[in-house]
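The sequence and the structure are shown first, and the account follows.

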Amino acid sequence: MKKHFLRPFLFVLMLFAFLIPAQAAGPAGTLTVRFYQEDSKTYSADTVTDKVLLTVDGKALTPTDIPALVYYPESGGNGRTLVPVRLVSEALKADVQWVDETRQVIIRLNEDIIVLTLGSAQATVNGQQKELPSGVPAMAVVLPGANSGSTMVPLRFVSEMLGAQVEWDNDTFTAAITTAAEEPEPESPNPDLGKVLRIEQDDNAQSVFIATDHVPEYRVTDMGNRLVIDVLGATIAQGSGSITVENEVISTVRYAQHNDDLGYGYPHTVRVVFDLSNGYTYSDNISLLKQVGGILVTSFHEDDPDDGQPEVVPPTPVVPIDPSAATIVIDPGHGGSASGAYYEGIMEKDITLPVSLMLRDILVEEGYNVVMTRDSDVYMTLSDRCQVANDIDADIFISIHCNALANNTTYEGLFTFYSTGSTKGQKLAQYVQDATAASTGTINRGIRNNSDYTVLRKTNMPAILVETGFMSSHNELMNLCDSDYQMLLAQGMAEGIMQYFNQAG
């Protein structure tokens, strides 16, 4: 009896199953994947989804790993096409950066910046929050059994934010991306003037130099927390990018090549953007000087903004200060997040500190008072270094650095700088320069005056800056890293300092 009853019941169940509408497979086929859940930090079970074909301006865009696919939200609603972020971004000539700590994808195209956070239904476009369509976020996707996968982003949102359009063909499950057609460049009334050769910073002078092969013409736009310099009728070989700066006023420097899209009437313009640190402005803290071969951008801050930082307290000297003895402040260049020059895996800050400590020990042994601006790997602003010396009314100030030339790997030698117009500074520089060159046997490149270096300009006593050698030269770099050679540098500088005090007395 029981057996006969089950047969018609099973038949009804099978018929009911056939009558339930099922999601048909897309024309491009299906794919089994696992979606990473950011909230639970686990992967979903195997999920069957539809593949999507991609084209850009009519040409097929083929992925190397996981293809474009349709993500169907569990809450229902229309599916959304997700694509590998690098595949679509690079096809649209945008740069992609992954920030592992924040689980964010940063997409840059010229001045446009899109920030997508995995698992978040919101994105940031040029600093403004935007809701993602249907709340479908960027997410990590892997194939079953794979150890790694792809970061997938919403196709239409990213494409349209980068200036492209997306058309959907439901018959073939194809997303056709169309970029903005490049219009022929109109003839400009003025010819180009020349090239921007390079953009380089000088952390000692707190300046950035835009080097050109001609006398530049430029326009300046003050945007509050940003300064924009447009170099008219100029091209730059690198196209676009940024440079690393160690500057208290300028936080970053970015540049980009423009055509005749800025309205200046030249075929090309190079736009250089200076992002300013909090509290600083172009009018109060930046000066510009046009030169035959470029534009010198110098930062200064006679009136420091109130940044909430504690007042600088001069470090305690190795031994109590003897009022009858001379007081010397030694400043090891760079430190902490400011690495200085970097060659062959070696940072400038890791050379200047041991040399400075050796010099300190020699001078203390000779009976001098010595105060270090830093005696460990910590960051200090240039103004704070000057304040240490000024607060204790030091007799002399010596800042120790290494040199470098980006395009010359054979140039070597020792330089010493002093503040323009300082007679005592010039004498101190000459004594230290000659004694150090003699001690080490390196090439004596002589002394130079400089009114731009902050540590020379803002100290109240004779001050010098010693460039101990060129890290860009392999041979000299090896010397600078050698402890015996570092001791020769320290001994030479100590000898020059003592000669200075002996002649002064």
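## Basis of the account

A residue is called buried when its relative accessible area is under 20%, exposed when that area is over 50%, and partly exposed in between. The coordinates come from a predicted model, and every value below is computed from them.

## Overall organisation

The chain has 33 strands and ten helices. Of its 505 residues, 45% count as buried. Among contacts between residues at least 6 apart in sequence, 64% join residues that are at least 24 apart.

## Salt bridges

Side chains of opposite charge can pair when their charged atoms come close.

In one of them, the side chains of Asp230 and Arg271 meet with an N to O distance of 2.7 Å. Arg271, with a value of 21%, is partly exposed, because the limit for a buried residue is under 20%.

Glu217 forms a salt bridge with Lys290, and their closest N and O atoms are 3.5 Å apart. Glu217 is located in the loop between β17 (207-212) and β18 (218-222), whereas Lys290 is in strand β24 (residues 286-291); the pair therefore ties together parts that are 73 residues apart in sequence. Glu217 is partly exposed at 34% relative accessibility, and Lys290 is partly exposed at 38%. A further salt bridge joins the side chains of Arg34 and Asp46, at 2.6 Å from N to O. Arg34 is in strand β1 (residues 30-37) and Asp46 is in the loop between β2 (42-43) and β3 (47-56), twelve residues apart. Arg34 counts as partly exposed at 31% relative accessibility, as does Asp46 at 45%.

## Cysteines

A disulfide is a covalent bond between the sulfur atoms of two cysteines. How many disulfides does the structure contain? The count comes to zero. For Cys402, the closest cysteine sulfur is that of Cys481, at 8.2 Å, which is too far for a bond; the cut-off for a disulfide is 2.5 Å between the sulfur atoms. Cys481 is likewise in no disulfide, its nearest cysteine sulfur being that of Cys402.

Cys402 is buried, at 6% relative accessibility, whereas Cys481 is partly exposed, at 33%.

## Nonpolar cores

The largest nonpolar core comprises 39 residues, and those that touch the most other members are Ile328, Ile330, Leu359, Leu363, Ile398, Met493 and Ile497. Helix α10 (residues 483-504) gives the most to this core, namely nine residues.

Which residues does Leu359 contact, leaving aside its neighbours within four places in sequence? Leu359 is in contact with Ile330, Ile398, Ile400, Ala490, Met493, Ala494 and Ile497. There is also a second, separate core of 35 residues, which includes Leu132, Ala140, Ala164 and Ile177.

## Cavities

The structure holds two cavities of 30 Å³ or more. The largest cavity contains about 120 Å³ of space. Its lining is made up of 16 residues, and Asp203, Glu246, His334, Met380 and Leu382 are those nearest the centre. The elements that give two or more residues to this lining are α6 (382-391) and β30 (396-403).

## Asn450

Asn450 is placed in the loop between β32 (444-449) and α8 (454-457). Is Asn450 buried or exposed? With a relative accessible area of 14%, Asn450 is buried. Not counting residues up to four places away in sequence, Asn450 touches Phe417, Tyr418, Ser419, Thr420 and Leu456.

Methods: Residues are numbered from 1 along each chain as its sequence is written. This is a predicted model: local features need pLDDT of at least 70, side-chain atom pairs count only at pLDDT 80 or more; totals for chains, interfaces and linings use all residues. Side-chain values use heavy atoms; hydrogens and water are left out. A salt bridge is a side-chain nitrogen of Lys or Arg within 4 Å of a carboxyl oxygen of Asp or Glu. Helices (H or I, at least four residues) and strands (E, at least two) are DSSP runs, numbered from the N terminus. Buried means under 20% relative accessible area, exposed over 50%, partly exposed in between (1.4 Å probe, protein chains only). A nonpolar core is a set of buried Ala, Val, Leu, Ile, Met, Phe, Trp, Tyr and Cys residues joined through side-chain atoms within 4.5 Å. Contact means heavy atoms within 4.5 Å. On a 1 Å grid over the protein atoms alone, a cavity is a set of points where a 1.4 Å probe fits but cannot get out, and a pocket is an open set with protein on both sides within 12 Å along at least five of seven lines; lining residues have an atom within 4 Å of a point. Grid points are joined across faces, edges and corners, and a volume is the space filled by probe spheres set on the points.
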